[in-house]
Amino acid sequence: MIDTHCHIQFQGYKDDRDEVILRCIKKGLIMNTIGTQKETSRLAVEIAEKYNNIYATIGLHPVHLFATQVDEEESKFLSHEEDFDEKYYLNLAKSKKVIGVGECGLDFFHLPNNIDFKIILEKQKKVFIQQFKFAQKNNLTLVVHTRDSEPDKNLPKAYDEMAKLLAKLIKKYGKIKGVIHCYSGNWIQAKKFLDLGFYLGFTGIITFPPRKTNPQPTLDLLEVVKNCPLDKIVVETDAPYLAPQLYRGKKCEPWMVEEVVKEIAKIRGKSVEEIIKITDDNAKKLFNI
Ligand SMILES: [Zn+2]
């Protein structure tokens, strides 16, 4: 199995990283550990250099463009305020273990207070375009982060904005290999990304039961899992976040990606072995590994 998106270099594993990696290795898991700014990208490469079965993706997450306090159940941190330092990332990209650029994209969920949304959106787009071009130039796969705001916020939909932006960039600069990580949009939006040649990455979110107060987003997502061409599906955990339902409340570990595989097998009426084979092949093709 290949966990195409985890953060094994994050602080959440500072006390048990070696044990967690060992558990993953014992299960034969291959991991892509993803950077979110300079320091976590550097650490991703450092860990990837140390372990055969770990690869690295380097880049700048939209939440790190402005200093803001991120305070959620699973993650509490003060985000950095960084620009995409091409020279710095180019140096990291010299490592053969670097396979992708990201996670980069649009995040309308964690917005800094006191800054106009228009200004935030412009900056998020600008930094995303820089990384799109960087990935293309260096023949690396683009790992795209897209997160909507709370529904009551009356902001544009991040998935719609991202689909428009990618279509424009591909028209201008040509094709790119990439994945919409932690996909949680609907089927209409999914089709737009698939038409642009993108893969969809599914996390433990697909194992969560629909929320009683608002079941539609989960039902929409399950429709995507049902309809997505099998050759466009990759699996991921986003560990240490988003532990699948069976382990909910615990810190997520990359080997738990097996729960995502099991859920896809159930939804698609295939055996677990078949889904492992299909998603492994897809991930290898997507990231040239
Ligand atoms: Zn992530």
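A residue is called buried here if 20 or more other C-beta atoms lie within 10 Å of its own, those C-beta atoms being placed from the backbone. The legends below refer to a predicted model.

**View 1. Helix α6 and the elements that cover it.** In helix α6, which takes in residues 187-195, the buried residues are Gln 189, Ala 190 and Phe 193. Seen down the axis of α6, these buried residues fall within an arc of 100°, so they line one face of the helix. An α-helix has 3.6 residues a turn, so residues three or four places apart point the same way. Just after α6, the backbone at Gly 197 adopts a positive phi of about 90°.

**View 2. The whole chain.** Nine helices and ten strands make up the secondary structure of the chain, and the C-alpha trace spans about 45 × 45 × 40 Å along its principal axes. A compact globule of 289 residues would have a radius of gyration near 19 Å, and the 18 Å found for the chain agrees with that expectation. Of the 289 residues, 46% count as buried. Among contacts between residues at least 6 apart in sequence, 70% join residues that are at least 24 apart.

View 3. Eight strands form an open sheet in the order β1-β2-β3-β6-β7-β8-β9-β10, and their pairing is parallel. Its edge strands, each of which pairs on one side only, are β1 (2-6) and β10 (233-235). Neighbouring strands of this sheet are turned against each other by 30° on average, direction ignored. Three bridges join β1 to β2, and within that pairing Asp 3 has Met 31 of β2 as its bridge partner. Between β2 (residues 30-34) and β3 (residues 54-58) there are four bridges, again with the strands running parallel, and Thr 33 stands opposite Ala 56 in β3. Helix α9 packs on the sheet, touching β1, β2, β3, β6, β7, β8, β9 and β10, and its direction makes about 95° with that of β10.

View 4. Gly 28, by contrast, belongs to the loop between α1 (17-26) and β2, and with 9 other C-beta atoms within 10 Å it is exposed. The C-alpha atoms of Gly 28 and Arg 268 are separated by 24 Å, although these residues are 240 places apart along the chain.

View 5. Strand β6 is mostly covered, since ten of its ten residues are buried. On one pairing, β3 and β6 run parallel and are joined by three bridges, with Val 98 in β6 as the bridge partner of Ala 56. On another, β6 and β7 pair in the parallel sense over six bridges, and Gly 100 has Thr 141 of β7 as its bridge partner. Helix α4 (residues 117-137) lies across β6 (98-107) and β7 (141-147), running at about 160° to β6. In the loop between α4 and β7 sits Asn 139, which counts as exposed with 10 C-beta neighbours inside 10 Å. The C-alpha atoms of Asn 139 and Ile 99, 40 residues apart along the chain, are separated by 8.8 Å.

**View 6. The largest nonpolar core.** In soluble globular proteins, nonpolar side chains tend to be buried together. The largest nonpolar core of this model has 81 residues, and those with the most contacts inside it are Ile 58, Val 101, Val 179, Leu 200, Phe 202 and Val 261. Helix α9 (residues 272-287) contributes the largest share of this core, namely six residues. Leaving aside neighbours within four places in sequence, Val 101 is in contact with Thr 57, Ile 58, Gly 59, Gln 131, Phe 134, Ala 135, Leu 140, Leu 142 and Val 143.

How values were computed:
Residues numbered from 1 in each chain as written. Predicted model: local features only at pLDDT ≥ 70, side-chain atom pairs only at ≥ 80, totals over all residues. Helix = DSSP H or I, 4+ residues; strand = E, 2+ residues; numbered from the N terminus. Rg over C-alpha atoms; globule rule 2.2 N^0.38 Å. Buried ≥ 20, exposed ≤ 12 C-beta atoms within 10 Å, placed from the backbone. Contact = placed C-beta atoms within 7 Å. Core = buried A, V, L, I, M, F, W, Y, C linked by C-beta atoms within 7 Å. Arc of directions from axis to C-beta. Pairing = 2+ DSSP bridges. Axes fitted to C-alpha atoms, helices over the stretch in contact; angles between N-to-C directions.
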